[in-house]
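Hello,

Here is the structure you asked to look at. Please open it first, then read the notes below it.

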Amino acid sequence: MPGASQLFFIDVHAVDARVAYLLGTNFEGGEARIYKTADGGSSWATQYRDTTRGIVTTSDGETWSRVPPENVPPTLSGEAGFAASGTAVAVYGTDRVWIGTGGGRVARVYRSSDRGRSWSVAE
């Protein structure tokens, strides 16, 4: 991936044989990027790039917007998402998503049933 040598890729989500999304981060600077391929991985386009903490969502698979902080339960001291090859992120259908966290006093799961526009959390 040209220009991404400093990234650690943590998740890939294949929609079908041609379309997939790739999530990368740089732990040193806290950068997050989302790439998309529409040709089975022959080429990738950067769709999102930011260094601000938070969650993003898409309604069209092309543009991404930040979820307002008031729509996400606050994180616990030390809490973080796992960068374990996407195993802490699960998507079901077109609306539901779960993100597992740890590092705080308890492990938690964030859940959204509206494409990430709002979130709840459970221990």
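Two residues are in contact when heavy atoms of theirs lie within 4.5 Å. Keep in mind that this is a predicted model.

Glu79 sits in the loop between β6 (65-66) and β7 (80-81). Is Glu79 buried or exposed? Its relative accessible area is 6%, and buried means under 20%, so Glu79 is buried.

Leaving out residues up to four places away in sequence, Glu79 touches Pro74, Thr101, Gly102, Gly103, Gly104, Arg108 and Tyr110. Two of these neighbours also meet the Glu79 side chain through polar contacts: the side chain of Arg108 at 2.9 Å, and the side chain of Tyr110 at 3.2 Å. As for Thr101, it is 22 residues from Glu79 along the chain, and the C-alpha atoms of the two are separated by 6.4 Å.

Tyr110 also belongs to the largest nonpolar core, together with Ile55, Val67, Val72, Val97 and Trp119.

Four strands make an open, antiparallel sheet in the order β1-β2-β3-β4. β1 (8-14) and β4 (45-50) are at the edges with a single partner strand each, so one side of each has no neighbour in the sheet. On average, neighbouring strands are turned by 20° against each other, direction ignored. β3 (residues 31-37) pairs with β4 over 5 bridges, and Tyr35 has Thr46 in β4 as its bridge partner.

Regards

Methods: Residues are numbered from 1 along each chain as its sequence is written. This is a predicted model: local features need pLDDT of at least 70, side-chain atom pairs count only at pLDDT 80 or more; totals for chains, interfaces and linings use all residues. Side-chain values use heavy atoms; hydrogens and water are left out. Two strands pair if DSSP finds at least two bridges between them. Helices (H or I, at least four residues) and strands (E, at least two) are DSSP runs, numbered from the N terminus. Axes are lines fitted to C-alpha atoms, for helices over the stretch in contact, and angles run from 0 to 180 degrees between N-to-C directions. A nonpolar core is a set of buried Ala, Val, Leu, Ile, Met, Phe, Trp, Tyr and Cys residues joined through side-chain atoms within 4.5 Å. Buried means under 20% relative accessible area, exposed over 50%, partly exposed in between (1.4 Å probe, protein chains only). A polar contact is a pair of N or O atoms within 3.5 Å; within protein, one must be able to donate a hydrogen and the other to accept it, and residues adjacent in sequence count only if both atoms are side-chain atoms.
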